[in-house]
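Here is a short briefing for a reader new to this structure.

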Amino acid sequence: MSRYWLGLGANLGDRRAALEAALAWLEASGQRVEAVSPVYETAPREVPDQPSFLNAAARVGSDREPPSLLAEVKRMEAELGRDPAGPRYGPRAIDCDLLLWEGGAWSGPGLEIPHPRLAERRFALLPLLDLDPGLTLPDGRRLADLAASLDPADQPAERLAEPLVRTPGTRGA
């Protein structure tokens, strides 16, 4: 079994319910959700004229190789309402990215781990650090140092008090 760190985000509809449905989907598809970060409300980055996001991270155990887990995540996104033809960086009902893998680095068609833009995304780094403050990239860079180098005024992220509800064994919204 391998360990992965996934980033979850949503900015359309009931954002919290979408994140909770994604966790339930992962559990129902045989992944072991070991831990879930607090939720952050974050400003959109590349396309600013859209609703704010809710973001979280999950540490997941899986017997799948990275491409197989990515395929499962893409099925989950589609079933939970993500339009695969939607604009890049645009609004979405759910988003799930494979950010890190305990196996180190992976590069293949349509997938690169660590996520190629992780080091520049405070909305992804903060939830990861809540799960595992000592995380490093395969090249040895500490995620805590990367997060500290990003300007909070440029990338606002507010940690919300209410945790996500986990309902193991259920699928869908």
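The lining of the largest pocket divides into 20 nonpolar, 10 polar and 13 charged residues. The model is predicted. The volume of this largest pocket is about 980 Å³. Of its 43 lining residues, Lys74, Arg82, Arg92, Asp95 and Asp97 are the closest to the centre.

**Where the lining comes from**

- Strands β1 (2-10), β4 (53-62), β5 (95-101) and β7 (111-113) are among the elements that each give at least two residues to the lining of the largest pocket.
- Helices α2 (66-79) and α3 (122-131) also each supply at least two.

**Salt bridges**

- The count of salt bridges comes to 15.
- Lys74, one of the residues closest to the pocket centre, forms a salt bridge with Glu77 (3.2 Å, N to O).
- Both Lys74 and Glu77 sit in helix α2, 3 residues apart, which is about one turn of the helix.
- Glu77 is at 4%, so it counts as buried.
- Arg121 and Glu46 meet through their side chains in another salt bridge (3.7 Å, N to O).
- This pair links distant parts of the chain, 75 residues apart. Arg121 is in the loop between β7 and α3, while Glu46 is in the loop between β3 (40-42) and β4.
- Arg121 counts as buried because its relative accessibility is 7%. Glu46 counts as partly exposed because its value is 35%.

**A salt-bridge network**

- Which residues are linked in a network of salt bridges? They are Arg3, Arg32, Glu34, Arg59 and Asp132.
- Within it, the side chains of Arg32 and Glu34 meet at 2.5 Å, N to O.
- Arg32 is partly exposed, with a relative accessible area of 42%. Glu34 is also partly exposed, at 23% relative accessibility.

**Backbone features**

- Where is the cis peptide bond that has an omega of about 0 degrees? This bond joins Ile113 and Pro114.
- Pro114 lies in the loop between β7 and α3. Arg121 belongs to the loop between β7 and α3 too.
- Tyr89 has a positive phi, about 65 degrees, although it is not a glycine.
- Tyr89 is found in the loop between α2 and β5. Its relative accessible area is 24%, so Tyr89 is partly exposed.

Terms used
Residues are numbered from 1 along each chain as its sequence is written. This is a predicted model: local features need pLDDT of at least 70, side-chain atom pairs count only at pLDDT 80 or more; totals for chains, interfaces and linings use all residues. Side-chain values use heavy atoms; hydrogens and water are left out. On a 1 Å grid over the protein atoms alone, a cavity is a set of points where a 1.4 Å probe fits but cannot get out, and a pocket is an open set with protein on both sides within 12 Å along at least five of seven lines; lining residues have an atom within 4 Å of a point. Grid points are joined across faces, edges and corners, and a volume is the space filled by probe spheres set on the points. Helices (H or I, at least four residues) and strands (E, at least two) are DSSP runs, numbered from the N terminus. Ala, Val, Leu, Ile, Met, Phe, Trp, Tyr, Cys and Pro count as nonpolar, Asp, Glu, Lys and Arg as charged, and the others, Gly among them, as polar. Buried means under 20% relative accessible area, exposed over 50%, partly exposed in between (1.4 Å probe, protein chains only). A salt bridge is a side-chain nitrogen of Lys or Arg within 4 Å of a carboxyl oxygen of Asp or Glu.
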